[in-house]
Amino acid sequence: MSARLNYGLSEEESPQGLKPTSFLALDGTAESRALPKTDSTDIKDVVKQKYGEAALRVKSGGSSCCCAAASTSCCDPITTNLYDASQAGQIPEEALLASLGCGNPTALAQLSPGEIVLDLGSGGGIDVLLSARRVGSTGKAYGLDMTDEMLALANENKRQAGMENVEFLKGEIENIPLPDNSVDVIISNCVINLSADKDKVLREAFRVLRPGGRFAVSDVVTRGEILPEIRQSVLAWVGCIAGALDENDYRGKLAAAGFTQIEIEPTRIYRTADAREFLAGQGIDVDALAPQVDGKFLSAFIRAVKPRHTQEACCGPTCCS
């Protein structure tokens, strides 16, 4: 999530403090290149490229985070310290190193033996493997990812963990390759905000959940107005920042998809010092912008339920009889 790539407009069009487009290659050197204006295709291609590179860094002995250099430690304040020692001991090391999340949905979601779990944007498989242990041999955990390199890493982690109730699927979270009413719980770890069509993601999540099924994801949300310099950065989008929804918008989109019992519980609130870290190296005037995003970005645990019956959304005294 912290692979450094900058996106901007031309110098004439750039807001103050935003530099022209540049990429960091895998060796950390800058590579300038023009990009078209951001649309869903651009975002998807950038996400796929950078998450693929993150998986390759893990396979080469580094971490998925901390810029482009191979490293076993992570400087990204969003992705650090999410899993405790007991959880880390249950999974292969590479699954932990490949984590690009902003929370720990497996620690907060209620999972029971025999349930079927789907992780949207499963990456190296950490949350899938942890969930599979909790649902047991009578349950199953699916992981869905669009990046070949991440899927290869996840399947290797599955092999090392020796788990039979795990399956990784290739696909996009806007088009989930599972039938209607087939999943008990949907989890996700800082991935839905990467989509350019979040309404479609939530509609698909609602479709594949069984009646009474639970939506239980970690994601980044915002509070208040966000400066256009942040919203226009594709790297910030890949870093779970620019694509983040306002918490009230997230509630509204979940409700529009059909969900009820919607809750958004902040788990981390990012301050100025954190902003300096996740804005560094993006061609943005960090000193000017970091104080202006203080407290406006939050990691949150987001819960919702697919009603067992359509009448459950009714508040009248007799309409549910």
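Close-up 1. V128 counts as buried because its relative accessibility is 1%, where buried means under 20% relative accessible area, found with a 1.4 Å probe on protein chains only. The model shown is predicted, so local features need pLDDT of at least 70 and side-chain atom pairs count only at pLDDT 80 or more, while totals for chains, interfaces and linings use all residues. Residues are numbered from 1 along each chain as its sequence is written, and side-chain values use heavy atoms, with hydrogens and water left out. V128 lies in helix 5 (residues 126–135), a helix being a DSSP run of H or I of at least four residues, numbered from the N terminus.

**Close-up 2. The surroundings of V128.** Leaving aside neighbours within four places in sequence, V128 is in contact with D119, S122, A141, Y142, G143, V166 and F168, contact meaning heavy atoms within 4.5 Å. S188 is 60 residues from V128 along the chain, and the C-alpha atoms of these two residues are separated by 9.6 Å.

**Close-up 3. The buried face of helix 7.** In helix 7 (residues 198–208), the buried residues are K198, V201, L202, E204, A205 and V208. Seen down the axis of helix 7, these residues fall within an arc of 160°, so they line one face of the helix; the arc is that of the directions from the helix axis to the C-beta atoms.

**Close-up 4. The contact of helix 7 with helix 10.** Helix 7 passes helix 10 in a right-handed crossing, a term for a near helix turned clockwise from the far one by less than a right angle. The contact is made by D199, L202, R203 and F206 of helix 7, together with K253, L254 and A257 of helix 10.

Terms used: Buried means under 20% relative accessible area, exposed over 50%, partly exposed in between (1.4 Å probe, protein chains only). Helices (H or I, at least four residues) and strands (E, at least two) are DSSP runs, numbered from the N terminus.
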